[in-house]
Amino acid sequence: MITIVSEEQDIMTDLTMEWLARRKTPTRRIQNYEPQTFRIEIDNGGSSAAGPISGNSHYWTRRGKENYIPATIDHHFSENLPVYRYLEQDELVVSSYVETKRKQQLNHHDTGSFFAEKKNNKLINLELAKSVHLLIPPTCVTNSKKVLAQFIRRHKQVITKDLCAPVYLPGDKGTLTSSGVISIGLSDLDAMADNFAAVFVQENISKQFEIRCFLFRKTIFSMAIFSQNDQQTTTDFRNYNDARPNRCVPFQLPPSIASKLWKFMALAELDTGSIDLIYTPEGEFVFLEVNPMGQFHWLSENCNYYLEHFIADSFTNA
Amino acid sequence: MSVQPTYLLYASCVPVSGAKRKIICDLQRNGYVPIPDGLYEILTRHRGKSHKDIKAAYENKYDQIIDDYFKMLVQHEFAFACTDPNLFPELSLDWKAPFPVFNAILDRDNNSAYDLRSAVSQLSGINCKYLQLRFFDPIDGAALTELLQYFETIRSATIGLEVLVPAAPGFTSTDARKLLSTFDRLNKITLHGSPGEFSIEEVRNKRFLISMPTSVDSEAHCGIIDPELFSINIKAFTEAKKFNSCLNGKISVDRKGFIRNCPSMQEDFGHLDDTSLAEASSHPDFRARWQMTKDEVNVCRDCEFRYICTDCRAYTQDNEADGKPLKCGYDPYTGEWASTAPSNRLRTRVRAQKTASSSPA
Ligand code: SF4
């Protein structure tokens with residue numbers, strides 16, 4: 001049995017499951033936060049566990065997690081209530097045990113991890129990237145206006161982006177979302193107080209193009225994204241321009257860079273993820289960040305990689 | 001790494017040569033542009049060579065022209081300057097589908113007696129994703145609703161459903177809108193023979209209602225070749241390189257219940273009453289029709305549009321199996337469209353229809 005945990009809308013899951021169906025491989029899909037029944041017993045004779053833990057030949061945590069809170073309770077409390085937060089903490093103890101146990105049992109037949117996504121830390125990752133001799137953008141996180149001003153003065157061209165996840169705050173007057181990557185200058189500081197919640201800034205790295213790599217178990221698939229021609233997207237290709245989509249083409253990562261990425265993945269304890277790089281006008285590769293559960297359908301389509309086929313094969317051939 | 005400046009086409013920009021003209025197919029931005037013969041040669045025979053070497057290959061006689069060519073290509077974002085072509089592989093021409101049959105047409109008229117439900121459930125059984133139901137005679141809205149409900153009960157594998165129905169008192173645009181708002185699998189309803197102008201309406205997210213004045217009263221309303229109908233994208237291009245761009249993965253049941261590659265084809269592979277769709281679609285001769293690429297079709301094989309054009313194997317020149325589609329007015333040897341080419345009116349209609357069919361998947 002192959003189990004895939006994923007969001008309902010995830011197209012790569014749909015496509016991969018078609019190939020698994022073609023191979024007549026028994027497959028189970030657990031939607032993100034779909035309640036699961038479970039049993040864990042630990043005594044002096046050993047421990048045993050049942051539920052999504054057992055009976056798998058491969059387990060792929062594509063996006064999201066299973067949920068060990070029954071639907072009746074889950075739907076009863078608002079996520080903001082203290083009692084819910086308490087239940088949620090308990091639930092995390094269970095899911096963390098389940099994931100650890102499953103990874104031990106399945107050994108190398110388990111890909112992706114909710115807890116890896118949860119502990120993904122941009123700052124630690126930059127340190128790890130540096131430690132394997134990848135270049136990184138000079139970076140600063142601070143809650144002080146003074147420090148921020150100094151950083152901007154020193155690095156001139158500076159950008160800011162989300163430190164953790166993108167902002168998504170629905171409210172009465174509409175939804176507040178973060179705007180991806182934006183430039184920030186000294187004049188932006190005028191309206192700010194002396195101290196604020198953490199702000200993440202980096203020197204703006206000029207680029208020939210960006211590179212998005214999808215790493216899955218032992219293989220890397222890369223795509224170059226040319227955004228420089230188009231004023232609307234020079235800072236970050238995620239500020240989409242639909243009429244003239246950025247040129248996205250297959251890219252062959254030089255082996256030296258690929259091997260650094262694998263070293264990074266090992267240190268970050270990731271077996272899959274999407275890595276963003278910049279290729280500078282000087283021909284250098286600069287590491288930006290990794291998203292353990294990032295989207296890669298557009299990469300697969302633009303480069304004609306058929307990643308859904310590759311992934312299904314890697315489950316059935318392993 | 002030695003730095004050898006050169007220019008490369010973006011991988012999604014693919015040059016194709018015809019008897020008279022050459023084009024670049026832009027598979028990412030869905031268009032094509034004609035290019036001079038000389039440029040075609042530079043882009044294909046000399047791909048990946050340094051700018052200097054390309055000029056030298058022409059004994060430096062055309063340096064200015066070559067510079068101008070690349071300047072234009074870069075300006076229009078077909079090419080980019082680069083120093084290491086090895087980092088930029090060409091686009092893979094792979095084309096794959098998990099299940100062999102993914103496209104079906106079921107035709108119905110007042111005399112059709114075959115079991116529509118059986119056809120629908122069989123299609124789901126062979127994992128066919130897209131289905132077009134064509135009603136030539138007026139139908140009753142309740143019957144269609146029942147059929148759509150049936151789709152839900154069998155949890156059909158068919159995710160993209162398109163219905164053509166004659167506009168009639170028993171089935172109006174109001175009925176159509178209601179169905180489109182109710183059934184998720186239903187992507188499009190076309191009301192043919194509608195009073196008034198051609199129109200297109202997005203009833204909800206990617207669910208379209210199309211009204212057209214022309215009546216589709218038989219399968220003969222098919223096979224039109226027009227630049228407005230070209231499919232200029234990676235999926236269609238790679239498929240056309242390896243398979244027939246109309247029949248690949250297709251199965252149909254004509255109004256009398258005969259199973260064919262398409263309702264207009266001469267040859268049948270049995271009747272739905274005694275042959276299953278799975279059986280018919282695995283017949284070697286049935287599959288053979290999927291294989292004929294435009295590279296094997298007369299005239300088309302010399303046409304620069306052969307990988308972005310649709311095809312038609314039912315209505316062909318001189319009725320030959322490898323004849324050019326009859327309803328194509330293009331002559332690749334002169335590079336001209338016949339003046340009998342479809343009217344502007346048709347073109348506008350076709351364009352609108354294309355917007356609506358831009359894949360819901
Ligand atoms: S000649 Fe053939 S390939 Fe060219 S436009 Fe006509 S049908 Fe298409």
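Hi everyone, let's start with a pair of strands in chain A. Strand S13, residues 209-216, and strand S16, residues 272-279, run antiparallel and are joined by eight bridges. If you'd like one pair to click on, take Ile211(A): its bridge partner in S16(A) is Leu277(A). Do keep in mind that this is a predicted model.

Now let's zoom out. Which strands make up the sheet around that pair, and in what order? There are five, running S15-S14-S13-S16-S17 in chain A, with antiparallel pairing, and the sheet is open. At its edges sit strand S15 (247-251) and strand S17 (285-291) of chain A, each of which pairs on one side only. From one strand to the next, the twist averages 25°.

What packs on this sheet? That would be helix H7 of chain A, residues 255-267, which touches S13, strand S14 (219-226), S16 and S17. The direction of H7 makes about 135° with that of S16(A).

Lys156(A) is not a glycine, yet its phi is positive, near 60°. You'll find Lys156(A) in the loop between helix H6 (145-155) and strand S8 (158-160) of chain A. Is that lysine buried or exposed? Lys156(A) counts as exposed because its relative accessibility is 60%, and the cut-off for exposed is over 50%.

Over in chain B, Asn319(B) also has a positive phi, about 60°, without being a glycine. Asn319(B) lies in the loop between helix H9 (284-291) and strand S14 (330-331) of chain B. With a relative accessible area of 61%, Asn319(B) is exposed.

How values were computed: Residues numbered from 1 in each chain as written. Chains lettered and ligands numbered in written order. Predicted model: local features only at pLDDT ≥ 70, side-chain atom pairs only at ≥ 80, totals over all residues. Heavy atoms only, no water. Pairing = 2+ DSSP bridges. Helix = DSSP H or I, 4+ residues; strand = E, 2+ residues; numbered from the N terminus. Axes fitted to C-alpha atoms, helices over the stretch in contact; angles between N-to-C directions. Contact = heavy atoms within 4.5 Å. Buried < 20%, exposed > 50% of the residue type's maximum accessible area, 1.4 Å probe, protein only.
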